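Work through the exercises below with the structure in view. Try each task before you read its solution.

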Amino acid sequence: MGIESHRRKISNEKQAAIIRAAQSIFLTQGYTRAGMADIARDADVSTATLYKHFSSKEELFAAVVKQVASGTVDYVAMVSKGDTARDILYKIARGYLSTQFDNHANALMRIVIAEVPGAPKLASEMYDLLITRRHEKLRMVLDEMVRNNLLKPHDTEFGVRIGSGALKELFVWPALFDASYTLPPDTDEKIHYCIDAYLTLFGTEGTD
Amino acid sequence: MQSGDEVNLGLSTYRRSVSEAKRKAILKAARDNFLGNGYSRAAMADIARDADVSTATLYKHFSSKESLFAAIVETTYSRIGVVLSSDMDDLTAREIFLALADAYSTQQIEGRINNLFRVVIAEVPTAPQLAKSVYEDGTLRSYAYLQKVADALVARGDFKPHNTADGVRHLGGMLKEFIVWPALFSQEFPKPDDMKKNLEACVDTYLKMYGTGMNAKRPERDTIGN
């Protein structure tokens, strides 16, 4: 039992080290040029161990993106009691941008988009992880806000796409075309301008 | 009888039209090469061959691969302005933006600008300047144009006075959400069946954000006079 759990712990640590090494190599070399042997070396494991964890480069890349997409931001947990609609929308917008900028989602998106012709399946999986599933999580927050009368009942599925579209437009789109792009100094102002628009559409009395 | 001047004029018109035809052929060949091979691997010599011109002619028209790529983007984008060549006065704000949204989706999908974007994004690490100029010539210029339209509608009373530069980005963000983002992640992105419905929802949302409601909807033409 003790040995079993020790082995599992070691295995989990190795897996985490592999994903860390892979992320850094993918980000610097791009997908095509990244070599499994280099990733194993940086993670300090044998290539046999690497392939035991991830049977292909594609699978490994998917694991990197999955970690970025899911491990970082829990939108529902961001909401505190007593938050106004504006507070909540601001927090989730910031959480969204944190995934994009602090956790390298912008760079990973660029890599995936570049690889569409060679690895189309990878790209559609990434779209699902980085966009569709994230929208589902954001929608849960909006639905909860509607239940709490912080927002008027509305088509929250479309609402998420308006909000996510606005954030991508202002902050992610420019980053796709410029690897050195960072969040601008007036980021908060821009976020609040988007929130203003959203509350104009769907806010309730006493929303702010 | 023709005077010498008229003959020369005819000849130079002829030359201009040949030159224009060659330019078109070059742009088409270049587009196919960029889409098929990516930017780095596309070669000027191949483009000249596919366009059936000499490389000298190619370089006379476009001094570099960068300028050739920029011309492709520019040619496609300039079509969108044509949409509103008819008098805006005859159209409601909703009709104007629906026409623009429709032209935008045609440009991005059938015009394959989404695919060209992918080519450019792939080259960000190797040709950062290209990506920057495409962003500036494509995205920023089309916003400047949309902003002019929005300003005209503020003046006309269809829109509340507002920061139209930020406002058009809200519209742009919504439209990209449906027209561009899904297409960036897939090789072929056929227009989905619900595209029209989604674009209408985007335009209606934009009008709700900034419209005065004054001209937002007018009776269907065929019900007038019934």
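Predicted model: local features only at pLDDT ≥ 70, side-chain atom pairs only at ≥ 80, totals over all residues.

**Exercise 1. The contact between the chains**

How many residues of chain A are in contact with how many residues of chain B?

- Step 1: count the two sides. 32 residues of chain A are in contact with 30 residues of chain B.
- Step 2: find the helices. On the side of chain A that touches chain B, at least two residues each come from helix H7 (105-114), H8, helix H9 (156-176) and helix H10 (187-202) of chain A.
- Step 3: pick the main contributor. H9(A) gives the most to this side, with twelve residues.
- Step 4: sort by class. The side of chain A that touches chain B has 22 nonpolar, five polar and five charged residues.

**Exercise 2. Chain A as a whole**

Describe the make-up and extent of chain A.

Solution. 
- Step 1: list the elements. Chain A has ten helices and zero strands.
- Step 2: take the extent. The C-alpha trace of chain A spans about 60 × 45 × 30 Å along its principal axes.
- Step 3: check burial. Chain A has 208 residues, and 36% of them count as buried.
- Step 4: look at sequence separation. Take the contacts in chain A between residues at least 6 apart in sequence; 67% of these join residues at least 24 apart.

**Exercise 3. Helix H8 of chain A**

Does the length of H8(A) agree or disagree with its residue count?

Solution. 
- Step 1: H8(A) covers residues 120-147, which is 28 residues, so at 1.5 Å a residue it should span 40 Å.
- Step 2: compare. The end C-alpha atoms of H8(A) are 39 Å apart, which agrees.
- Step 3: locate the bend. H8(A) bends by about 35° at Asp128(A).
- Step 4: pick out buried positions. Among them are Leu122(A), Met126(A), Leu130(A), Arg134(A) and Leu138(A).

**Exercise 4. Domains in each chain**

Solution. 
- Step 1: chain A. Its domain assignment gives domain 1 (2-55) and domain 2 (67-202). Their centres, taken over C-alpha atoms, are 29 Å apart.
- Step 2: contacts in chain A. Six residues of domain 1 are in contact with seven residues of domain 2. The domain 1 side has four nonpolar, two polar and no charged residues.
- Step 3: chain B. Its domain assignment gives domain 1 (1-63) and domain 2 (65-218).
- Step 4: contacts in chain B. Eleven residues of domain 1 are in contact with 17 residues of domain 2. Helix H1 (residues 4-41) of chain B gives the most to the domain 1 side, with eight residues. That side has seven nonpolar, three polar and one charged residues.

How values were computed:
Residues numbered from 1 in each chain as written. Chains lettered and ligands numbered in written order. Helix = DSSP H or I, 4+ residues; strand = E, 2+ residues; numbered from the N terminus. Expected span 1.5 Å × (residues − 1). Bend = angle between axes of the 7 residues up to and from the residue. Buried ≥ 20, exposed ≤ 12 C-beta atoms within 10 Å, placed from the backbone. Domains from an automatic or database assignment. Contact = placed C-beta atoms within 7 Å. Nonpolar A, V, L, I, M, F, W, Y, C, P; charged D, E, K, R; others polar.
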